[in-house]
Amino acid sequence: MPAAVNLYKVRSATDGSRELFLSIQRQKDQYQGIWIVSPEGKVLSGRHDYKDFNQGSIELLETMDEGLREFGPVEPRRPKPANLLPFRGKGVQADGSVSLALYGRQMLGGGRNAIPADVEPAQAWLWDGVLRPDGPIMLDSLDLQANEWAAFAPGKLEAGATWRLPEAVARKLTRLLSTSSDQSCMPKPEDAGVAELEAWVESVECGIAILRFTGRWQMMHLVEGDVKRPTYGAATAEGSAVYDVEGKSMRSLLLVFSGTIRSDRRDAPINRTGAVAEWRAK
Amino acid sequence: MKNLMLLASLAVAMDDDLGAKASAIKPAPREITWLGVPWVLNLAEAQKMAREEKRPIFLWVTGDDPLERC
């Protein structure tokens, strides 16, 4: 039975989940991770750390096999596929809010003509070759309230019209400067020294307005609030959106970020980051 | 409405450069197959279902909502 649980929520649950989880933790003490547990609540196996991250899936299978050996044979489940996050990157909720789907990871390539001005020549090789992933994917969601979402729509529907989105909205996208999904490492809106997002109407034809976006961000985040553990990041973004003129509503949004991040020292080697924020109406 | 959606799709498709950059960053299908698993998000409910189906629980716990942020 696959169960995915938020540590902080389960600790405060009042429906019996808390007591079961605390019992599981007492039997096999690990902060988070994977436990294989019998229906009666007996821990059969568990895993917190991986000896070799590149072999992580094999180690996890070993943990599952260990639990199944202890439990005994089970028939495969035949569940129906599920969409547990129907509003992630899709649709507008009743209160007018939306949830952007976020993706990020370390990247390589893309061409030296895309190197930011402040990158040292010794790091230029990071832009050589085609744009390609250089690390595992980060997934996240970003909720925008109705008034924040409205800022992406044009006030004036004619080609060439421009507007600047509120800084508070741009700041919410600062999260995309990091590929970490650990709360202690993720930059917060208040970490941004620069957060600018501008837009213009590229064209209006056949009831469709094509919108364009460009933005830039700089941030400094203290890991766990420790002044000795700063992380420095910068990124630019470009984007496009489709706007339904008659329906006065957004149909799609795509923002693509390209950035650099360095930790600990201002002169530390940089890593390249890429990120995407996307949404569609249906 | 169909024409509108078609035009919108074409407009996005025409933006090949931006789309190609996004595709290079976004996960390949094999990286997110786990999102299709019908996870139970409540531990007590998972135990109830495990009892009914007489099978163990695969419990995944993280410091955020596991399916939302990882």
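This is a predicted model: local features need pLDDT of at least 70, side-chain atom pairs count only at pLDDT 80 or more; totals for chains, interfaces and linings use all residues.
Me: What makes strand β2 of chain A and strand β1 of chain B count as paired?

Reply: Pairing takes at least two bridges between the strands. Five bridges join β2 (residues 33–37) of chain A to β1 (residues 57–62) of chain B, so the two strands pair. They run antiparallel.

Me: And how do you know that β1(A) and β1(B) pair?

Reply: The same test works here: at least two bridges are needed, and five bridges join β1(A) to β1(B). These two strands run parallel. In general, strands of a sheet pair through backbone hydrogen bonds, and both directions, parallel and antiparallel, occur.

Me: In what order do the four strands of the open sheet lie?

Reply: Follow them as β1(A)-β1(B)-β2(A)-β3(A), with mixed pairing.

Me: What makes β1 and β3 of chain A the edge strands?

Reply: β1 (2–6) and β3 (43–47) of chain A each pair on one side only. On average, neighbouring strands of this sheet are turned by 20 degrees against each other, ignoring direction.

Me: Now the helices. Why are α2(A) and α3(B) called roughly perpendicular?

Reply: Look at the angle. The axes of α2 (residues 17–27) of chain A and α3 (residues 43–53) of chain B cross at roughly 80 degrees and come within 8 Å. Angles of 65 to 115 degrees count as roughly perpendicular, and therefore α2(A) and α3(B) are placed in that class.

Me: Which residues make that contact?

Reply: From α2(A) come A:Ser17, A:Leu20 and A:Phe21, while α3(B) brings B:Leu43, B:Ala44 and B:Gln47. Four of the residues in this contact are nonpolar, two are polar and none is charged.

Me: How many residues does each chain give to the whole contact between the chains?

Reply: Chain A gives 61 residues and chain B gives 46. The side of chain A that touches chain B has 38 nonpolar, 15 polar and eight charged residues.

Me: What makes the phi of A:Glu224 worth a look?

Reply: Its phi is near 55 degrees, a positive value in a residue other than glycine. Most residues other than glycine have a negative phi.

Me: What about B:Lys54: buried or exposed?

Reply: B:Lys54 has 12 other C-beta atoms within 10 Å. The cut-off for exposed is 12 or fewer, so B:Lys54 counts as exposed. B:Lys54 sits in the loop between α3 and β1 of chain B, and its phi is positive too, at about 55 degrees, although it is not a glycine.

Me: Stepping back, what does chain A contain?

Reply: Chain A has five helices and twelve strands. Of its 282 residues, 33% count as buried. The domain assignment gives domain 1 (7–71) and domain 2 (98–280), and the centres of these two domains of chain A, taken over C-alpha atoms, are 36 Å apart.

Note on methods. Residues are numbered from 1 along each chain as its sequence is written. Chains are lettered from A and ligands numbered from 1 in the order in which they are written. Axes are lines fitted to C-alpha atoms, for helices over the stretch in contact, and angles run from 0 to 180 degrees between N-to-C directions. Angles under 35 degrees count as roughly parallel, over 145 as roughly antiparallel, 65 to 115 as roughly perpendicular and the rest as oblique. Two residues are in contact if their C-beta atoms, placed from the backbone, lie within 7 Å. Ala, Val, Leu, Ile, Met, Phe, Trp, Tyr, Cys and Pro count as nonpolar, Asp, Glu, Lys and Arg as charged, and the others, Gly among them, as polar. Domain bounds come from an automatic or database domain assignment. A residue is buried if 20 or more other C-beta atoms lie within 10 Å of its own, exposed if 12 or fewer, and partly exposed in between; C-beta atoms are placed from the backbone.
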